[in-house]
Amino acid sequence: MDLAKPGSTLLSHTDILPLTCNRSGTCCHGKAVWLNPWELARLAAAKNMTPRAFRDRFCEFGGIRLRFDGESRWKGQAACSQYFPGTGCSVHKDRPLACRLFPLGRQRQGERFHYMHEGRGFPCLEDCQDVKALPQLTVADYLAAQDTQPGETAQDEYLELVQRLADGAFGLLLETGLAASGDRLTLGLWREAGNAPPVDLARRLGPEWIDRLMLPDLDGGLEDPAEFCRRHNDKLEEETQAAFGGLERFEEAREASVLMIGLALHLGRGLGADPSELSMHWVRSAIGLGALDNDAVN
């Protein structure tokens with residue numbers, strides 16, 4: 001799975017950039033902050049709320065994105081739901097990885113990870129010109145100061161979970177005999193899930209599976225993101241095995257496979273992946289393994 005972003009500038013850890021923040025709050029307006037389940041649980045704990053209560057009040061699409069429904073105080077753009085004028089971020093200590101990295105992004109190419117920023121010009125200079133007068137930092141120093149490592153660990157663990165969910169969808173397609181039966185519908189449904197807007201895909205998955213994906217019933221463990229993610233993975237494996245371990249008809253296997261791919265795509269979106277590209281990648285892989293498709297994929 002590749003999370004590379006086109007039209008970006010790749011950076012090395014030794015690159016020096018105007019990364020000292022002026023704390024103006026401009027980056028807290030008009031953005032999209034995507035979340036994984038560990039980040040959602042951390043934000044809820046920071047607000048002394050249950051993850052479900054936090055999600056229902058402050059998130060969209062079942063919990064994979066923060067709402068930006070605060071006051072419009074910067075170029076008419078709404079603020080993040082966690083931002084308060086005159087105070088700033090109300091969850092700064094537990095802010096998500098996307099906020100810690102900004103204006104940088106983190107991308108995956110094969111097994112390697114890179115840092116980057118969008119476009120050729122440095123993004124902060126457009127809206128925060130005064131950062132040019134502040135101390136400049138290396139990328140490595142900035143990442144250390146922002147304490148990105150726990151969030152990066154969670155991101156990497158959940159990327160692996162995305163692939164494991166997709167592997168479950170492949171198993172339901174290939175190992176149940178569904179693909180060998182001449183089925184030509186499943187891959188089209190995978191592709192359709194990848195092209196669905198997030199609100200539609202969340203609706204298709206249904207509240208029960210959205211809750212299992214984004215609100216794992218785990219006690220504590222927020223201080224260790226790797227352990228949290230592994231326990232979440234184990235719980236999802238138990239739940240999917242209980243739900244799909246005794247399927248008897250190809251129609252049931254198809255529905256389960258589409259659900260599993262939908263869960264992978266929805267979680268992948270929350271990690272910054274493009275669901276359409278992911279679904280096409282998995283469709284091509286399935287065709288390469290002998291599955292049939294009504295639409296040719298080159």
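**Backbone, cores and cysteines**

Reply: Start with phenylalanine 61, which is buried at a relative accessible area of 18%. One caution: this is a predicted model.

Me: Where is phenylalanine 61 placed?
Reply: Phenylalanine 61 is in the loop between strand 3 (59-60) and strand 4 (65-66). Its phi is positive, about 55°, although it is not a glycine.

Me: Which residue other than glycine has a positive phi near 55°?
Reply: Asparagine 48 has a phi near 55°. It lies in the loop between helix 1 and helix 2.

Me: Is asparagine 48 buried or exposed?
Reply: Exposed, with 75% relative accessibility. Phenylalanine 61, by contrast, is buried.

Me: Which peptide bond is cis?
Reply: The one from phenylalanine 102 to proline 103, with omega near 10°. Proline 103 sits in the loop between helix 3 (97-101) and strand 9. In general, most peptide bonds are trans.

Me: On to strand 9. Which strand does strand 9 pair with?
Reply: Strand 9 (residues 105-109) pairs with strand 10, antiparallel, over five bridges. Arginine 108 stands opposite phenylalanine 113 of strand 10.

Me: How many residues lie between the strands of that hairpin?
Reply: Two. Glycine 110 in this hairpin takes a positive phi near 65°.

Me: What about strand 1 and strand 10: parallel or antiparallel?
Reply: Antiparallel. Strand 1 (residues 8-11) pairs with strand 10 (residues 112-118) over four bridges. Threonine 9 has histidine 117 as its bridge partner there.

Me: What does the side chain of glutamate 152 make a polar contact with?
Reply: The side chain of tyrosine 115, at 2.5 Å.

Me: And which residues is glutamate 152 in contact with, leaving aside neighbours within four places in sequence?
Reply: Leu97, Leu101, Arg106 and Tyr115.

Me: Now the cores. How many residues has the largest nonpolar core?
Reply: It has 66 residues. Trp190 and Trp282 have the most contacts inside it.

Me: Which helix gives the most to this core?
Reply: Helix 6, with 11 residues. Other helices supply at least two residues each, among them helix 1 (37-46), helix 2 (51-58) and helix 9 (225-244).

Me: What does tryptophan 190 touch?
Reply: Leaving out residues up to four places away in sequence, the list includes Phe170, Leu173, Ile261, Leu265, Trp282 and Val283.

Me: Which residues of helix 7 are buried?
Reply: In helix 7 (residues 186-195), they are Thr186, Leu187, Trp190, Arg191, Ala193 and Gly194. They lie on the same side of helix 7, because they cover an arc of only 155° around the axis.

Me: What do the buried residues of helix 7 pack against?
Reply: Helix 6, helix 8 (198-214), helix 10 (250-270) and helix 11 (275-288).

Me: Back to cores. Which residues does the second, separate core include?
Reply: Leu11, Leu97, Val131 and Leu143 are included in this core of 14 residues.

Me: Is cysteine 80 buried or exposed?
Reply: Cysteine 80 is buried, at 10% relative accessibility.

Me: Last one. Where is glycine 246 placed?
Reply: Glycine 246 is in the loop between helix 9 and helix 10. It is exposed, with a relative accessible area of 60%.

Me: How many Å apart are glycine 246 and glutamine 149 in space?
Reply: They are 40 Å apart, C-alpha to C-alpha. In sequence, 97 residues separate them.

Definitions and conventions
Residues are numbered from 1 along each chain as its sequence is written. This is a predicted model: local features need pLDDT of at least 70, side-chain atom pairs count only at pLDDT 80 or more; totals for chains, interfaces and linings use all residues. Side-chain values use heavy atoms; hydrogens and water are left out. Buried means under 20% relative accessible area, exposed over 50%, partly exposed in between (1.4 Å probe, protein chains only). Two strands pair if DSSP finds at least two bridges between them. A polar contact is a pair of N or O atoms within 3.5 Å; within protein, one must be able to donate a hydrogen and the other to accept it, and residues adjacent in sequence count only if both atoms are side-chain atoms. Contact means heavy atoms within 4.5 Å. The arc is that of the directions from the helix axis to the C-beta atoms. A nonpolar core is a set of buried Ala, Val, Leu, Ile, Met, Phe, Trp, Tyr and Cys residues joined through side-chain atoms within 4.5 Å.
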